[in-house]
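Work through the exercises below with the sequence and the model open side by side. Each task is followed by a solution in steps.

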Amino acid sequence: MSIDFTHMNKIIDFHPQDMDIVVQPAVSWMDLNEDIKASGLFFPVDPGPSVCAVSKMTTISLWPILLIGRENLYRQKSGVCGTNAVRYGTMKDWVINLTVVLADGTVIKTKRRPRKSSAGYNLNYLFVGSEGTLGVVTEITLKLAVIPQETSVAVVTFPSIRAAAAAASDIMRSGVPVAAMEIMDEVQMMVVNKAGGTGKIWKEVPTLFFKFSGTKAGVFDNIGTVKKIAKAHQAGEFEFARTPEEQKILWSARKESLWSMLSLRKTGQEVWSTDVAVPLSRLADIIEISKKEMDDLGVFASILGHIGDGNFHESIMYDKSNPEEVKRIEKCVHDMVDRALEMEGTCTGEHGIGLGKKDYLVKELGLETLSVMKKIKLALDPLWLMNPGKIMDLSAHDRS
């Protein structure tokens, strides 16, 4: 059974003086920003693909459909924010209130409209990140931000993935308020070149992508600091965008990364995309080890991600009809997740638990914490109707 929100794509109310907006769940974040651009405000959560709607970024999935009883192709992300996460935080930070329909048909409002409230439990955080297992979101009130006075984009190459990751960690520790900081390894840069969707030929080496925003003086100062730190890690020459069109071109490689890999698939091939996040001090370690293990697979595999907040992704192309290859890919992915947990990280920074990481949720948080989650689920959905099988499983003991 599916609930399709495709036609619930309207802006319900816009309060520019209060810097918030009320939307239905299928509003595209890109359309939303285009509609309100003249106000000088924007919604800063940028998950990448233009198909991404607000509901997908809130409680349901990356498509405007709540799938009940079968696997989601992509899953809702409480931590979704994409490239702007390092500056603006994640989706949960931008939700003021929600209108939610519960499993028994009850309609609730999680908060009122002030940006700050201490009235009761924070139900926003409960539903944002629930992967469609606690209720159906039909209306969302979002905070908005002021469009920065100045923006700039820069791209810089490194001799190794470790050097790039170490530079990123030092930049974060320096306190420079970069708007975005993304990493792509040499394989991903090659993929972008092969796909040819950016109109530019890129150096096929580990690369960091930066966005800077703020006042003109602030952006200039931040660029200088980042450049100095990067040089200390053997960075190549910075490539700066001088115009909005150049910014679009320079940032296009990061925007097109996943779609570039998908476009290179042959018959029978799939792309396994997964993520973890670790404390910044362990970022270079886990990326270097995970990169080597991926290279040893002998398949098309790359590392990319939101390195500014310790979150990175593995994308591995594999032959789904080859059981031995699938088994090797699974081991590589599971080893990466185990390694992240050993480093006091998380099994997923953005992608969510879904079906594939339920065992790791137990390993990460423990049975006692999972028991609390199950009690919340049973209180709101005692018949286990909403996206059953996602995040956790229900046993006879849980019902007793």
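Buried means under 20% relative accessible area, exposed over 50%, and partly exposed in between, with a 1.4 Å probe and protein chains only. Helices (H or I, at least four residues) and strands (E, at least two) are DSSP runs, numbered from the N terminus. The model is predicted: local features need pLDDT of at least 70, side-chain atom pairs count only at pLDDT 80 or more, and totals for chains, interfaces and linings use all residues. Residues are numbered from 1 along each chain as its sequence is written, and side-chain values use heavy atoms, with hydrogens and water left out.

**Exercise 1. Strands 10 and 12**

Task: State how many residues of strand 10 are buried, and do likewise for strand 12.

Solution. Step 1: 6 of the 8 residues of strand 10 are buried, which leaves this strand mostly covered. Step 2: In strand 12 (residues 207-214), 7 of the 8 residues are buried, so the strand is largely enclosed by the rest of the structure.

**Exercise 2. The sheet of 7 strands**

Task: Give the strand order of the open sheet of 7 strands, then trace the pairing around strand 12.

Solution. Step 1: Two strands pair if DSSP finds at least two bridges between them. Step 2: The order is 13-10-12-11-15-16-14, with antiparallel pairing. The edges are strand 13 and strand 14 (269-277), each of which pairs on one side only. Step 3: Strand 12 pairs with strand 10 (residues 150-157) over 8 bridges, in the antiparallel sense. Across this pair, Glu150 stands opposite Gly214, Thr151 has Ser213 as its bridge partner, and Val155 stands opposite Phe209. Step 4: Strand 12 is also joined to strand 11 (residues 180-184), by 5 antiparallel bridges; here Met181 stands opposite Phe210. Step 5: Strand 10 pairs antiparallel with strand 13 (residues 239-240) over 2 bridges, where Val155 stands opposite Glu239.

**Exercise 3. The nonpolar cores**

Task: Which residues of the largest nonpolar core touch the most other members?

Solution. Step 1: A nonpolar core is a set of buried Ala, Val, Leu, Ile, Met, Phe, Trp, Tyr and Cys residues joined through side-chain atoms within 4.5 Å. In soluble globular proteins, nonpolar side chains tend to be buried together. Step 2: The largest core has 58 residues, and Phe158, Leu208, Phe210, Ile287 and Ile307 touch the most other members. Helix 10 (residues 323-342) gives the most to this core, with 8 residues. Step 3: Another core, of 25 residues, lies apart from it; Val23, Trp94, Val128 and Ile140 are among its members. Step 4: Contact means heavy atoms within 4.5 Å. Leaving aside neighbours within four places in sequence, Ile287 is in contact with Ile161, Ala165, Ile303, Ile307 and Phe312.

**Exercise 4. Helices 11 and 12**

Task: At what angle do helix 11 and helix 12 pack, and which residues make the contact?

Solution. Step 1: Axes are lines fitted to C-alpha atoms, for helices over the stretch in contact, and angles run from 0 to 180 degrees between N-to-C directions. Step 2: Helix 11 (residues 358-365) and helix 12 (residues 367-380) pack at about 120°, with their axes 7 Å apart. Step 3: Angles under 35 degrees count as roughly parallel, over 145 as roughly antiparallel, 65 to 115 as roughly perpendicular and the rest as oblique. Helix 11 and helix 12 are therefore oblique to each other. Step 4: Helix 11 contributes Leu361, Val362 and Leu365 to the contact, and helix 12 contributes Leu367, Thr369, Leu370 and Met373.
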